[in-house]
Amino acid sequence: MSQLYFEKALLPDGWAADVTISIDGGHIATVKSGARPLSGDERHAIGLPGLPNLHSHGFQRGMAGLTEMRGQSSDSFWTWRELMYRFVRKMTPEDVEAITAQAYVEMLEAGFTRVGEFHYVHHDQSGLPYGNIGELAERVAAAAQTSSIGLTLLPVFYAHSGFGGRPPDQGQRRFVNSVDQFGKLLEASRRVIGACEGGLVGIAPHSLRAVTPDELQAVLAFAGRGPIHIHVAEQTKEVEDCTAWSGKRPVRWLFDHVPVDRRWCLIHATHMTDDESRDMAACGAVAGLCPVTEANLGDGVFDASRFLAAGGRFGVGTDSNVLIGAADELRQLEYSQRLVRRARNVFAARSGSSTGRDLFDAALAGGSQALGITGGLAEGAPADIVSLDAGDIALAGRSDDAILDSWIFGCRRSPVDCVWTMGRKVVTNGRHRRAEEVGAAFREKLGGLLAA
Ligand code: ZN
């Protein structure tokens, strides 16, 4: 049993002063406010709950900055994807583990304490399953253990290159499974994650373009009570192709064919009509927004006002990991709305409320729901905690919600000071305890991959 003391901490019902949090077995045992610190307590100024990062492809961290050169035709998501496929073709299991570990270390340093890994590269370079079909799931789990980030593993079912069951192409061969083989992969993944502290397994039918209706039904039968994630309506071309195939837009098609509920997280859901947006809000599914990646890929802008007005839930994800930052995702989310709407404080729920606070609270609740955990600094929740450096110049004189607003909108450097996951301190002075070793392995693997 250990105990932390914070001068100020953000609890489920708001900011509290003189907060002590006792931790037992990786979970929060008690939370008391208005309490004096005891002599053995570790003392900090500002305490926040760790944020969930609900959507990541860890290995894509290795490509950050390598797809920003103009190609021969006009560049889009689809030309980016070709480059991503070329990168995927060469990766060994050791590469996957080293790059993913680096991504996870950066997530922790940024204030994310759990990741939803949308894990879709399963097989060897020739497209054959490894002797152990869960080889790459094990590598992702190893990266999570090295970094001590909480992991919700989402093994992806991927079978086709386009709507209507088009055969997969060469670049997709490492992703593809039959339904039966996916069942085996899922079993192997559950075994691996069963041995990971705090680990969970969901499922992820990749997208409606990669999965036929029959396959979707078959794969959903494996879900149990765990999270279900799917990419949907990220691109206008995807919406057009879905409409040409079925007469329906992708989000509408999904609602008409599958009982979508609170277990679901619809990643991106960028292009929705009013009706789709309203139905999605009503069913309690989470919108998995990845604002930095969506901007990087030129996807479009999610219509947040409409969705929030209907009571919709959302969380944020770092997706391609081109830049890993909790504050960066929240800032980009708000700024994209401001630019489109020519308005300010779009995410502030009511007059007088703080944009940073409302963004943070919503992303904590939605991200926790999407990753199957209880979030927040509350008794019984995992002890996933972040402290901010009150000495950061951008936080000077700030208190309560102004701390969040200043972190998200006004900090040049990250003020994240310490981070605990499952009660274990993994980041101190903004630096992960294994940053050096993980960074060295990343450099070595990247050197090999990019020279090949
Ligand atoms: Zn994605």
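Is Thr318 buried or exposed? In this predicted model, Thr318 has a relative accessible area of 0%, and because buried means under 20% relative accessible area, the residue counts as buried. Thr318 belongs to the loop that runs between β13 (313–316) and α11 (326–341). Its side chain is joined to the side chain of Asn321 by a polar contact of 2.5 Å. Once neighbours within four places in sequence are set aside, the residues in contact with Thr318 are Asn53, His55, Ser56, Met107, Phe112, Thr293, Ile324, Gly325 and Glu329.

From Lys90 to Thr79 the separation is 11 residues in sequence, and the two C-alpha atoms stand 18 Å apart in space.

The wider architecture may now be considered. The domain assignment divides the protein chain into domain 1, made up of 2–48 + 378–437, and domain 2, which spans 51–371. Taken over C-alpha atoms, the centres of domain 1 and domain 2 are separated by 28 Å.

The two domains meet at an interface. On one side, 28 residues of domain 1 take part, and they are in contact with 25 residues of domain 2. Between them, domain 1 and domain 2 bury about 2200 Å², of which 60% is on carbon and sulfur atoms. Within domain 1, the residues that lose the most area to domain 2 are Ile408, Phe409 and His432, which together account for 28% of what that side buries.

Polar and charged interactions also cross this boundary. Two salt bridges are found across the interface of domain 1 and domain 2. In the model, a salt bridge links the side chains of Asp401 and Arg357, with an N to O distance of 3.0 Å. The count of residue pairs in polar contact between domain 1 and domain 2 is 10, with both residues at pLDDT 80 or more.

Several elements build the side of domain 1 that touches domain 2. At least two residues each are supplied by β2 (14–24), β14 (385–388), α13 (401–410), β15 (416–421), β16 (424–428) and β17 (431–432). The largest share of that side, six residues, comes from α13. Sorted by class, the side of domain 1 that touches domain 2 contains 16 nonpolar, five polar and seven charged residues.

Methods:
Residues numbered from 1 in each chain as written. Predicted model: local features only at pLDDT ≥ 70, side-chain atom pairs only at ≥ 80, totals over all residues. Heavy atoms only, no water. Domains from an automatic or database assignment. Contact = heavy atoms within 4.5 Å. Buried area = accessible area lost by both parts, 1.4 Å probe. Salt bridge = Lys/Arg side-chain N within 4 Å of Asp/Glu carboxyl O. Polar contact = N/O pair within 3.5 Å; in protein donor to acceptor, adjacent residues only side chain to side chain. Helix = DSSP H or I, 4+ residues; strand = E, 2+ residues; numbered from the N terminus. Nonpolar A, V, L, I, M, F, W, Y, C, P; charged D, E, K, R; others polar. Buried < 20%, exposed > 50% of the residue type's maximum accessible area, 1.4 Å probe, protein only.
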